[in-house]
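Student: I'd like to go through this model with you, starting with the ligand site. Can we set out the terms as we go?

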Amino acid sequence: MICHERAGFRVGPFFFLPNVTVTSALFHFCNVCPTPRAPYCECKEKPVGNRLLGKIVAITGGSQGIGLAIAQRFAEEGADISFCYRSNKAGADEVAAGIQKLGRKCVGFQYDVGIVSDGQKFIADSVAQFGRIDILVNNAGLERNADFWNVTEADYDAVLNVNLKGLFFITQAFVKHRMDAKTGGKIINISSVHEELPFPHFASYCASKGGVKMLTRNLSIELAPLGITINSIAPGAIETPINTKLLNDPVKLAALLANIPLKRLGKPEDVASMAVFLASDESNYATGTTFFLDGGLTWNYQEQ
Ligand code: NAD
């Protein structure tokens, strides 16, 4: 997925080729189109660049859905990828092979984010493999549907252990690593609109994402002196396996779409685009904030 934006980037009126030279403002250089075009080529590929060139990124839950899209997009932007996954080894191997084909390094580790020692091993193994981690993406998450009065302790633990406790201690391990390295870093949490919006029958999920919201705010203050920023992305309804049931229920799907002003579900790539911004230097002044990515869903409250 190479785009015209990859070959060069624009500064003021000029285009610069990475590490090479200054070219004319009149021409746009493209890896797809063989010759420079003026002023823009008509390449319809999605815009990618080298915004994460040389960065090492650790992603929890990178084998499918949003985590997979982030892993692929970050690799396209020049990053090497370490990711962990729960159980699908064959799928994870395929993901790693696909990213390696892009010319990036990629390793998948089978670790359960819901077990604190596993999360710590994920960070330690990633550092051992790549030498360091610059950016952490806390993406792994799950939900359980039940009336509040029927929620079992096991289901509560399954959700909270991955979505909040696991995220908490993986973040701690990453921060300790960056403190040892005496340098800053970036943390991106994949939260949810349900850090803000109620979601009846998903009380444990909402509690976990509300916790992520406050953790993000709290750590932005504590980690700022270390040069570490932390932000969250709050997706609305995204087309991933977590929503398989919803996607197969035309009535529920139509009701949901009626509430989304942009009239479509989000794609994992929509979330990945925001994640690239937050991982790149372009977001250096952002910390402690949640970026909503929901097609307008959150604010679409109507009286009737
Ligand atoms: P998904 O079910 O498609 O993928 C989840 C990923 O997390 C998988 O790679 C899985 O291996 C990993 N994972 C789950 N439990 C794990 C564990 N214990 N240890 C290690 N890895 C584990 O889900 P998704 O839709 O891609 O969701 C990713 C994140 O985005 C989650 O935090 C979710 O809450 C959030 N989110 C999703 C949506 C949506 O509509 N899809 C909306 C808002 C927020």
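Tutor: Helices (H or I, at least four residues) and strands (E, at least two) are taken from DSSP runs and numbered from the N terminus. This is a predicted model, where local features need pLDDT of at least 70, side-chain atom pairs count only at pLDDT 80 or more, and totals for chains, interfaces and linings use all residues. Residues are numbered from 1 along each chain as its sequence is written.

Student: Which helix gives the most to the shell around the ligand?

Tutor: α2 does, with 3 residues. α2 (65-76) and β5 (80-85) each supply at least two residues of that shell.

Student: Which residues come nearest to the ligand?

Tutor: Of the 27 residues around the ligand, the nearest are Gly61, Gly65, Gly141, Thr240 and Ile242. A residue counts as near if its C-beta atom, placed from the backbone, lies within 6 Å of the molecule or strand in question.

Student: How does the shell divide into nonpolar, polar and charged?

Tutor: It has 13 nonpolar, 12 polar and 2 charged residues. Ala, Val, Leu, Ile, Met, Phe, Trp, Tyr, Cys and Pro count as nonpolar, Asp, Glu, Lys and Arg as charged, and the others, Gly among them, as polar.

Student: Back to α2. Why is it called largely enclosed?

Tutor: Because 12 of its 12 residues are buried. Buried means that 20 or more other C-beta atoms lie within 10 Å of the residue's own; exposed means 12 or fewer, and partly exposed is in between, with C-beta atoms placed from the backbone. Gly65, Arg73 and Glu76 are among the buried residues of α2.

Student: What follows α2?

Tutor: Gly78, whose phi is positive, near 105°.

Student: And Ile242, where is that?

Tutor: Ile242 sits in the loop between β9 and α7 (244-247). It counts as partly exposed because it has 16 C-beta neighbours inside 10 Å.

Student: What is Ile242 in contact with, leaving aside its neighbours within four places in sequence?

Tutor: Gly65 and Glu143. Contact means that the two C-beta atoms, placed from the backbone, lie within 7 Å. Ile242 and Gly65 are 177 residues apart in sequence, and their C-alpha atoms are 7.9 Å apart in space.

Student: Different topic. How many of the residues of α9 are buried?

Tutor: In α9, 9 of the 12 residues are buried, so by the cut-off above the helix is mostly covered. Among them are Pro268, Asp270 and Met274. The buried residues of α9 pack against β4 (56-60), α2, β7 (135-138), β8 (185-190), β9 (228-235) and β10 (290-293).

Student: Which residues of α4 meet α5?

Tutor: Val116, Gly119, Gln120, Phe122, Ile123 and Val127 in α4. Their partners in α5 include Phe169, Ile170 and His177. By class, this contact has 8 nonpolar, 4 polar and 1 charged residues.

Student: Where are the residues with positive phi that are not glycine?

Tutor: His201 is one of them, with phi near 80°. His201 lies in the loop between β8 and α6 (203-223). Lys263, with phi near 60°, lies in the loop between α8 (250-258) and α9.

Student: Is Lys263 buried or exposed?

Tutor: Lys263 counts as exposed, because it has 10 C-beta neighbours inside 10 Å. His201 has 14 and therefore counts as partly exposed.
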